[in-house]
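Colleague: Could we go through this model together? I would like to start with the packing and then turn to the backbone.

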Amino acid sequence: MFMKISVIVPMYNVEKYLEECIKSIINQTFTNLEIILVDDGSPDNCGIIADNYMQQDDRIKVIHQNNQGLSAARNAGLQVASGEYVAFVDSDDFLDKNMYKVMAEQIKQNEDIVICSYDRVDESSMLVSKKKHFDSFYFCEQEELNNCVCCLLGCKCLDDWNNYFADLFILPWNKLYRRQFIVQNNLKYDIQFRAHEDTWFNYNVFKCAETVIGLDYVGYHFRINSASITNAFKKNRLELNYQLISNIYIDNYDILFQKKDNKMKQTILAFFTLCFIGDLDQYICHSCNDINRYERIQQIKERATLIEYKKAFSEVSFSFLTTGQKIYTILYRLKMWNTMVILTKIRLKRKKC
């Protein structure tokens, strides 16, 4: 199939890695590319580097804008994209030279989404961990497509699919999206989100999708960058987390309050328990959160009163939970807040080791 792929690359404060990223795109064996570099008001030389490459390759377009955040930068790229398919690349990562060729060759009937796997590299581009393999798939039945949403939300009750693979659906940069599918369903990044923007975007994407291809092929190299926004401790983390939780809750209100249980309802409830644990890990018990144990317990108690968490922990089925989620659910129901703090700090300490 002869088509064009629009590759959108938001740039902010990543000049150290930007050239490796751009070169991995312009050297793709699939050559019919439109490369859109979005300078999101970067304070370093990203804009200059991008302009230099635009002079060398007529497939490159550069957008310069005031800093508005990752979501706005990706939307800016979507607005000018003209390819039949759209891809996103983070500017501190890089691609296998055959990534878009391998993915494009799978497209036969204007499928909505194509997914590949990825691995992780360190700041020197050395391989840190390979992604687990999965069986390639072609989803077009409604139950299969619903399972994509369930997997994105971390459902563990999908036979071979479990929450280990949730990131394959959450992440935007391991995918090709059919542009007309994006346009027709008015899919774009919500600029109000300053965290979890990928989860919310792809949650809505997979709700609308009619065909999804998955490839057991590692095409993308994700860099573990200690300076990235993903790894930063944020003082407003609880507010950022609740933005996603409340949106999922509102969007699924009818499902959550119907009397009959189903996979989607239980998946959402289980997802909320994961979010509660995320609140503990990412803020309340985080090593950068300089508060005492009493204050941590008070924060946990406050979070525990949120309607989303109360409903989740009271109604979730244990068959939809991992062992860790089951333990936290029991502690929640018994109101053993101090034990939660101790358990979380032990878990976080082990992660660092």
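Modeller: The conversation below goes through strands, helix packing and a few backbone angles.

Modeller: This is a predicted model, in which local features need pLDDT of at least 70 and side-chain atom pairs count only at pLDDT 80 or more, while totals for chains, interfaces and linings use all residues. Residues are numbered from 1 along each chain as its sequence is written, and side-chain values use heavy atoms, with hydrogens and water left out.

Colleague: Is strand 2 enclosed or open, and how many of its residues are buried?

Modeller: Eight of the eight residues of strand 2 are buried, so the strand is largely enclosed by the rest of the structure. Buried means under 20% relative accessible area, exposed means over 50%, and partly exposed lies in between (1.4 Å probe, protein chains only). Helices (H or I, at least four residues) and strands (E, at least two) are DSSP runs, numbered from the N terminus.

Colleague: Which residues lie on each side of strand 2?

Modeller: Leu33, Ile35, Leu37 and Asp39 are on one side, and Glu34, Ile36, Val38 and Asp40 are on the other. In a regular strand the side chains alternate between the two faces of the sheet.

Colleague: How many bridges join strand 1 to strand 2?

Modeller: Seven bridges join them, and the two strands run parallel. Pairing requires that DSSP finds at least two bridges between the strands. Val9 stands opposite Leu37 in strand 2.

Colleague: And what covers the buried residues of helix 3?

Modeller: The cover includes strand 1 (5-11), strand 2 (33-40), strand 3 (60-65), strand 4 (85-88) and helix 8 (197-208). Helix 3 (residues 70-80) has eight of its 11 residues buried, so it is largely enclosed by the rest of the structure. Among the buried residues are Arg74 and Asn75.

Colleague: Moving to strand 10, how many of its residues are buried?

Modeller: Nine of the 12 residues of strand 10 (residues 212-223) are buried.

Colleague: Which way does strand 6 run relative to strand 10?

Modeller: Strand 6 (residues 113-121) pairs with strand 10 in the parallel sense, over eight bridges. Val114 stands opposite Ile213 in strand 10. Strand 8 (residues 137-139) is antiparallel to strand 10, with three bridges, and there Tyr138 stands opposite Ile213. Strand 5 (residues 94-95) also runs antiparallel to strand 10, joined by two bridges, and Phe94 stands opposite His221.

Colleague: New topic: at what angle do helix 11 and helix 13 pack?

Modeller: Helix 11 (residues 263-284) and helix 13 (residues 307-315) pack at about 115 degrees, with their axes 9 Å apart. Axes are lines fitted to C-alpha atoms, for helices over the stretch in contact, and angles run from 0 to 180 degrees between N-to-C directions. By class, this contact has seven nonpolar, two polar and five charged residues. Ala, Val, Leu, Ile, Met, Phe, Trp, Tyr, Cys and Pro count as nonpolar, Asp, Glu, Lys and Arg as charged, and the others, Gly among them, as polar.

Colleague: How do helix 13 and helix 14 cross?

Modeller: The axes of helix 13 and helix 14 (residues 323-333) come within 10 Å and cross at roughly 110 degrees. The two helices are therefore roughly perpendicular to each other. Angles under 35 degrees count as roughly parallel, over 145 as roughly antiparallel, 65 to 115 as roughly perpendicular and the rest as oblique. The contact residues divide into four nonpolar, two polar and three charged.

Colleague: What about helix 5 and helix 11?

Modeller: Helix 5 (residues 142-152) packs on helix 11 at about 10 degrees, with axes 10 Å apart. That makes helix 5 roughly parallel to helix 11. In helix 5, Glu143, Asn146, Asn147, Val149 and Cys150 meet Lys263, Met264 and Thr267 in helix 11, where contact means heavy atoms within 4.5 Å.

Colleague: Finally, the backbone: what is the phi of Asn110?

Modeller: The phi of Asn110 is near 55 degrees, a positive value in a residue other than glycine. Asn110 lies in the loop between helix 4 (99-104) and strand 6, and is partly exposed at 43% relative accessible area.

Colleague: And His196: what is its phi, and where is it found?

Modeller: His196 has a positive phi of about 60 degrees and is found in the loop between helix 7 (179-184) and helix 8. At 24% relative accessibility, His196 counts as partly exposed.
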